[in-house]
Amino acid sequence: MMRNRLIKSVGPKLLPFLLSSILYFALQPQKWEPSPYRIFFKCLPIVSLCFFVLSYYFSIKKRYSSLILVGLTLSCVGDACLIYCENFFIHGLLFFAMAHLTYIIAFGVSPAKWSVLCVCGFLGLSIYLFMLPGLQNEMIFLGGLYILLILIMAWRAVARLQVFEKMWTWTKICATVGAILFCISDFVLAVNKFRFPVPYHQEIIMGTYYTAQLGLALSVVELSSRGDENTAQVCSKKKEN
């Protein structure tokens with residue numbers, strides 16, 4: 001019953017995101033010249049997710065929701081910068097780097113899960129060495145820094161899942177899937193920009209990116225649902241008394 005109530009609560013709040021995402025892929029504004037209209041349609045799904053997170057802001061723990069909201073907002077600014085890729089690509093990169101930093105802080109530092117860190121470290125080094133021939137000037141440093149941050153974010157998301165300890169929740173799964181899809185989205189973007197053209201790269205990049213941010217936004221629901229469950233239990237005890 002709790003699950004059905006949660007679905008009914010979450011579903012309508014996600015409708016603006018779903019509609020704006022469909023609108024983006026239908027209009028294909030990525031083919032337009034850089035303009036405020038293109039920024040509007042690209043950022044609209046993320047803005048919708050910001051309002052979704054805000055609807056859960058007054059939950060038991062505001063800190064996590066606040067950090068996810070800041071990450072989404074920084075990502076939105078980064079999206080706008082990347083539309084003017086020739087002039088503001090590095091600006092967009094830095095905004096997304098700050099977004100990953102806020103997600104890292106939100107996920108916390110425990111449990112450590114050093115095995116997951118080793119896997120992420122190996123992948124990060126491999127990706128950097130693969131991308132290095134296409135990087136020039138400041139991107140040699142900034143590219144490495146960005147890879148470091150996004151894989152730390154993925155590490156923290158996967159580490160907190162705690163599958164083998166049976167402490168996972170569906171919202172932690174959403175955050176983990178979101179972090180992994182974020183890595184895939186940015187990897188395709190980087191390969192297409194710095195190494196070689198990727199077929200259907202825009203569809204792949206934006207599809208994985210929007211789904212990634214959706215997963216991260218959904219991870220705030222647990223905090224509020226726990227609060228609702230606790231409230232329900234308290235009310236039930238009062239009725240019994």
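1. Let's start with L72: setting aside neighbours within four places in sequence, L72 is in contact (heavy atoms within 4.5 Å) with I46, L49, C50, V53, Y103, Q213 and A217. Please keep in mind that this is a predicted model, where local features need pLDDT of at least 70, side-chain atom pairs count only at pLDDT 80 or more, and totals for chains, interfaces and linings use all residues. Residues are numbered from 1 along each chain as its sequence is written, and side-chain values use heavy atoms, with hydrogens and water left out.

2. L72 also stands out in the largest nonpolar core, which has 65 residues: F52, L72 and F182 touch the most other members. Such a core is a set of buried Ala, Val, Leu, Ile, Met, Phe, Trp, Tyr and Cys residues joined through side-chain atoms within 4.5 Å; buried means under 20% relative accessible area, exposed over 50%, and partly exposed in between, with a 1.4 Å probe and protein chains only. At least two residues of this core come from each of α1 (2–27), α2 (36–54), α3 (62–83), α4 (85–107), α5 (114–131), α6 (139–159), α7 (170–194) and α8 (201–218). The largest share, 12 residues, is supplied by α6. Helices here are DSSP runs (H or I, at least four residues), numbered from the N terminus.

3. Now for the backbone. Most residues other than glycine have a negative phi, and most peptide bonds are trans. In the loop between α4 and α5 you will find P111, and the peptide bond from S110 to P111 is cis, with omega near 0°.

4. Q28, in the loop between α1 and α2, has a positive phi near 50° without being a glycine. Q28 counts as partly exposed because its relative accessibility is 25%.

5. Y200, in the loop between α7 and α8, also has a positive phi, about 55°, and is not a glycine. With 66% relative accessibility, Y200 counts as exposed.
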